[in-house]
Amino acid sequence: MRIQDKTATSLTLVDTQQDKKLGLTLAGMFIAGASLVMAWEGFYEVLLPGAVLVVAMAVYWRLSKMRSVLVLDKAANTVTLTVESRKGSEDWTWKLSEVETAAIGTVGAQGTDSGRARPSLIMKDGTVVPMRPYHAAGGQSWQAVAAVRLFLGQRLDDAPVGWLQPEAFDRFFADEMARLYKKP
């Protein structure tokens, strides 16, 4: 998730699954290139399977792409998650005052560790609420958690190296970083 907008009273995070798009694009380019090289060498039979794989990846991207928008609004005391997919648009709303913090979770649908990072809101009653309904690249998850924590006025003492994109956090969270991390 990337920071789309931040004011003193609201934070908007957006995820358009660019990591999946990049991966599929690179894989498609590799398959197309390998198929063309093989055809150049006289193995024309690989052109059809290569083309079918590239088309299948393009269709998969079109059918599976999602867009998530998470809005934290202090003035309205709400957290709204909107997910747009081929199934339409779905909205979930929670009270911001019920949010304790944000954390990285790796628990899968069956309750076991999936090994894949997903940013989650931790509610005051202990409920874990995913910030998006799908797993994605770890760096995006860490940045979403860092943005929510800073927006809530919390420190990032347990942040792993590389958690923050300097440009985005310098621009959107300069005041919070200066206030929370004063030099002694």
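Strand β2 is mostly covered, with 6 of its 6 residues buried; buried means under 20% relative accessible area, exposed over 50% and partly exposed in between, with a 1.4 Å probe and protein chains only. Helices (H or I, at least four residues) and strands (E, at least two) are DSSP runs numbered from the N terminus. The model is predicted, so local features need pLDDT of at least 70 and side-chain atom pairs count only at pLDDT 80 or more, while totals for chains, interfaces and linings use all residues. Residues are numbered from 1 along each chain as its sequence is written, and side-chain values use heavy atoms, with hydrogens and water left out.

Ser10, Thr12 and Val14 point one way from β2, and Leu11, Leu13 and Asp15 point the other way. Residues on both sides are buried.

## The sheet

Strand β2 belongs to an open sheet of 5 strands in the order β1-β2-β3-β4-β5, with antiparallel pairing. The edge strands, each pairing on one side only, are β1 (2-6) and β5 (88-95). From one strand to the next, the twist averages 15°; axes are lines fitted to C-alpha atoms, for helices over the stretch in contact, and angles run from 0 to 180 degrees between N-to-C directions.

Strands of a sheet pair through backbone hydrogen bonds, either parallel or antiparallel. Here two strands pair if DSSP finds at least two bridges between them.

| Strands | Bridges | Residue pair |
|---|---|---|
| β1 and β2 | 4 bridges | Lysine 6 opposite leucine 11 |
| β2 and β3 | 6 bridges | Leucine 13 and leucine 70 |
| β3 and β4 | 7 bridges | Valine 71 and threonine 80 |

β1 and β2 form a hairpin with 3 residues between them. Strand β3 covers residues 67-73 and β4 covers residues 78-85.

## The nonpolar core

A nonpolar core is a set of buried Ala, Val, Leu, Ile, Met, Phe, Trp, Tyr and Cys residues joined through side-chain atoms within 4.5 Å. The largest one has 27 residues, and those with the most contacts inside it are Leu11, Leu13, Leu121 and Met131. At least two residues of this core come from each of β2 (10-15), β3, β4, β6 (99-107), β7 (113-123) and α3 (138-151). The largest share, 7 residues, is from α3.

Leaving aside residues up to four places away in sequence, leucine 121 touches Val79, Val99, Thr101, Ala102, Thr127, Val128, Val129, Met131 and Val148. Contact means heavy atoms within 4.5 Å.

## Helix α1

Helix α1 (residues 18-40) has 23 residues and spans 33 Å from its first C-alpha to its last, close to the 33 Å expected at 1.5 Å a residue. The expected span is 1.5 Å times one less than the number of residues.

Which residues of α1 are buried? They are Lys20, Leu24, Gly28, Ile31, Ser35 and Ala39. An α-helix has 3.6 residues a turn, so residues three or four places apart point the same way. The buried residues of α1 pack against α2 (47-64). Just after α1, glycine 42 takes a positive phi of about 105°.

## The whole chain

The protein chain has 5 helices and 8 strands, which run β-β-α-α-β-β-β-β-β-β-α-α-α from the N terminus on. Of its 184 residues, 35% count as buried. Among contacts in the chain with a separation of 6 or more, 47% are between residues 24 or more positions apart.
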